[in-house]
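Subject: A structure for you to look at

Hello,

Here is the structure I promised to pass on. Please open it next to this email, and I will walk you through what turned up.

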Amino acid sequence: MPELLDDLRVIDLSEGPIGGMTTMVLADFGADVVKVERPGGDPWRTVANAPMWLRGKRSAILDLQTEAGRESLARLAESADVVVTSMRPGKAEPLGAGYERLSAANPALVYCDITGFGAKGPYAGYPGYEAVVAARMGRMLTFSGLPDREGPAYAAVQAGSHATSQAALHGILAALMARGETGRGQLVETSLLQGLFSYDLGGLFRAQLGERFPELFAGIAMPAMPTLNYHALPTKDGRWLQFGNLMAHLFDNYLAAAGLADVFADPDYEGSPATWSDDARERLRDRMFERMLEHTAEEWMETFIEHGGVAATPFQTTQQALDDPDLVLNGHVVEREHPTLGTVRQLGALARLTATPGAAGEPGPEPGEHTDQVLAETTRPRPSALPTPASGPPLRGVTVLEFATVIAAPLGAAILADLGARVIKVEPIGGAPFRAMGVASMGAGRCNGSKESIALDLKSAEGQEIVHALARETDIVIHNYRPGVPERLGIGYETLKAIRPELVYVYVNGYGRFGPGAHRPSTHPIPGAGLGGALMQMGEGMPPACTTIPELRDVARKFFRANELNPDPNTSVVVASSSLLGLYARRRFGEGQEVFVDMFGANAWANADDFIAYEGKPPRPEPDTGLYGLNATWRLYPAAGSWVFLGLAVQREWERFCALASRPDLAADPRFATPDARTANDGALAETLAALFAQRPADQWEALLATEGLGCVRADAAPVHEFIAKDGHVAANGMRVPAYSTNFGDYERYGPLTAFSENTLELGGFPLAGEQADRILAELSYDSAAVEALRARGVVWSETPAPLAAATS
């Protein structure tokens with residue numbers, strides 16, 4: 001079989017890793033990717049992971065400042081299927097690289113535009129650096145309290161870059177499949193701001209409910225200490241283990257495996273841990289600390305792996321993760337020989353597609369290595385465009401059955417629903433457990449947007465019969481059950497394949513299909529600890545050596561804050577990408593297949609800036625102990641009554657900053673005049689800039705500098721949920737949209753990760769558990785009497801509506 005995407009020609013005009021990672025995936029699956037670079041090459045080639053995202057591509061140098069360069073680009077675009085750009089709004093058009101010009105000669109072109117803040121609104125011209133976007137939207141306030149100081153804290157893991165690169169991939173693949181129906185390409189837009197919205201699960205919803213029904217949240221605050229089931233605990237050898245035993249049975253497994261089973265007989269610990277007294281909870285917490293200190297991390301992990309039902313992993317760096325057996329055995333670490341770097345260990349393919357696998361490409365080219373070759377190639381034929389443009393969403397007509405709970409897989413399915421797929425969530429009787437977690441099921445609401453729901457007893461023959469009937473018209477199945485469970489429930493691959501041979505069957509688990517973790521449970525803190533993100537977020541020198549329980553408690557508290565929920569959405573965007581790759585393969589070749597996605601692999605991609613090793617690789621930049629940032633020109637500073645984030649990436653930005661700040665002396669100072677000099681004198685520069693920023697409020701600095709295209713923004717204007725709910729820039733870009741929920745009425749939900757110029761998206765609210773059961777069963781020819789009989793036998797169930805206005809009136 002040909003490679004999955006070997007029918008595509010991609011022109012990569014983007015610079016840096018975000019677009020670079022998007023087109024790397026396309027190249028890994030067979031696309032001919034031509035990286036068009038400015039004279040001298042992409043300035044981001046100097047970053048440590050550039051050898052990875054340059055792989056599998058060809059390079060052509062074009063000077064788009066000249067008419068000859070612009071004409072060459074136009075000729076290349078005439079035979080291209082996809083163009084990817086990452087310029088700020090308004091920058092591409094003067095270079096002859098804008099959508100209107102390139103699509104005029106090639107109406108079949110899919111043009112993906114990646115920006116920092118979106119194409120419109122007051123921040124559109126701000127630099128598209130993740131740290132700048134994260135600061136402006138309030139994400140750095142999320143980590144307040146992690147360092148021992150007041151104010152926001154630097155967001156270290158480049159999760160937004162990961163989500164944005166995957167969102168671009170979603171848009172490209174969806175637009176290509178829409179083109180298959182119409183022959184017409186279109187403009188696809190996404191941004192770092194949209195990518196970062198992936199990590200706010202319920203905040204926007206909470207902001208609205210908090211205004212309408214403040215009593216719902218009275219007295220509720222983020223706990224200072226982690227819940228007992230999501231704890232970080234130290235071991236005898238000074239290492240720390242992260243636990244992620246979200247469900248009650250998993251926490252019981254931990255207590256049994258750790259030798260703490262006596263609590264089961266203690267009346268103080270009856271019922272859910274949420275109902276225990278504070279005194280009982282803290283006594284058990286201290287016992288957990290003391291017990292874990294009795295053995296080394298390796299000894300404890302042997303115990304937990306042998307048990308098989310405990311979610312636990314050691315904290316490790318991203319470089320250490322390159323040797324993790326689950327990552328290695330599942331193909332997430334591959335070796336390629338590079339002509340100048342020698343052996344390079346790096347990310348493997350995004351996911352395992354069994355029929356159309358991807359593979360890491362050849363070493364990346366030198367700048368302009370293929371210019372003559374590319375320009376000499378003849379024009380390829382283009383699809384014929386139909387006179388009628390596309391209508392409706394790009395995945396209209398696609399049906400997805402989702403058998404999943406919590407966040408990683410359900411949110412991935414929700415992304416497909418937002419793209420227009422009909423996603424039917426098949427829940428257990430009583431609803432998915434995640435619905436009962438948190439106030440008003442806010443997180444579950446985000447993960448179930450635009451879906452339908454039916455609740456079935458899959459342990460019954462009648463429940464399985466209903467699912468099998470649905471499978472006959474299904475395109476994609478997504479589940480996150482542990483091995484063996486789907487077969488017992490009648491939804492194993494072989495069973496459903498016999499019903500629907502062209503089915504794309506996506507299996508999402510924690511550690512991958514192979515390796516020691518294949519059968520073990522995992523929740524979001526596990527890959528957060530195992531892939532290096534949590535240690536990175538803790539900052540330099542963490543965790544410190546500790547000897548007392550109060551000291552250990554403080555470190556555990558900090559791990560709790562550092563190991564946030566980003567590993568779940570990190571996985572969700574890969575679930576969506578992998579599902580779309582499988583769907584593209586089916587449309588091209590007419591065959592279904594199994595697709596394997598795991599949280600460890602997905603979070604290796606989210607840590608891609610350091611998931612690479614070669615001789616001479618520079619170390620990963622680490623935030624300072626106070627979590628201000630990485631260096632004097634990339635960090636937080638207290639301003640007058642507020643906080644500002646400064647993000648200057650290149651020399652010309654430094655020089656412009658000095659001029660606009662009325663400090664030309666800094667640019668002329670030999671200690672600060674060049675990048676090397678600033679590095680050597682970083683402490684002195686930070687002190688100088690701290691005194692400078694203290695002279696004005698952050699809003700004034702932003703108005704002075706960010707509006708001129710420099711990375712300097714206020715970092716404490718509002719927390720993320722308030723920014724999304726109230727900032728006019730969000731509304732101007734369609735990043736929040738109206739929706740309706742049976743229990744909550746009209747509300748605003750998050751907008752899509754991608755926008756399309758031809759296809760229109762129809763985003764919906766979230767359903768109650770089983771809310772659409774009657775309609776779905778009617779489509780399968782069950783009459784009302786048959787449905788009532790199924791309900792009476794406990795095969796079908798629906799949540800009783802309970803409108804919030806009535807409940808709180």
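This is a predicted model: local features need pLDDT of at least 70, side-chain atom pairs count only at pLDDT 80 or more; totals for chains, interfaces and linings use all residues.

Let's begin with Glu130, which is buried (under 20% relative accessible area, with a 1.4 Å probe and protein chains only; exposed is over 50%, and partly exposed is in between).

Residues are numbered from 1 along each chain as its sequence is written, and side-chain values use heavy atoms, with hydrogens and water left out.

What does the side chain of Glu130 make a polar contact with? The partner is the side chain of Ser161, at 2.6 Å. A polar contact is a pair of N or O atoms within 3.5 Å; within protein, one must be able to donate a hydrogen and the other to accept it, and residues adjacent in sequence count only if both atoms are side-chain atoms. The backbone nitrogen of Ala159 also lies 3.4 Å from a polar atom of the Glu130 side chain. Leaving aside residues up to four places away in sequence, Glu130 touches several residues (contact means heavy atoms within 4.5 Å), including Val157, Leu192 and Leu196.

Glu130 belongs to helix 5 (residues 130–136). Helices (H or I, at least four residues) and strands (E, at least two) are DSSP runs, numbered from the N terminus. Helix 5 is also among the elements that cover the buried residues of helix 29, as are strand 21 (634–639) and helix 28 (682–693). In helix 29 (residues 698–705), those buried residues are Ala698, Trp701, Glu702 and Leu705. Seen down the helix axis, they fall within an arc of 100° (taken from the directions from the axis to the C-beta atoms), so they line one face of helix 29.

Eight strands form an open sheet with mixed pairing, in the order 12-18-17-16-13-14-15-27. Strand 12 (352–353) and strand 27 (796–797) are at the edges with a single partner strand each, so one side of each has no neighbour in the sheet. Two strands pair if DSSP finds at least two bridges between them; strand 14 (residues 422–427) and strand 15 (residues 452–456) pair in the parallel sense over four bridges. Within strand 15, Ser453 is the bridge partner of Lys425.

How many salt bridges does a search of the whole structure find? The search finds 52. Here are some to look up:

- Glu762 and Arg396 pair with their closest N and O atoms 2.9 Å apart, linking parts of the chain 366 residues apart.
- Arg586 and Asp475 pair at 2.7 Å between the closest N and O atoms. Arg586 lies in helix 23 (residues 567–589) and Asp475 in a loop, so the pair ties together parts 111 residues apart in sequence. Arg586 is buried at 14% relative accessible area, and Asp475 is buried at 4%.
- Asp774 and Arg791 meet at 2.7 Å, N to O.
- Arg9, Asp32, Arg58 and Glu377 are linked in a network of salt bridges.

Enjoy exploring!

Technical notes
Lys and Arg count as positive and Asp and Glu as negative; His and the chain ends are not counted. A salt bridge is a side-chain nitrogen of Lys or Arg within 4 Å of a carboxyl oxygen of Asp or Glu.
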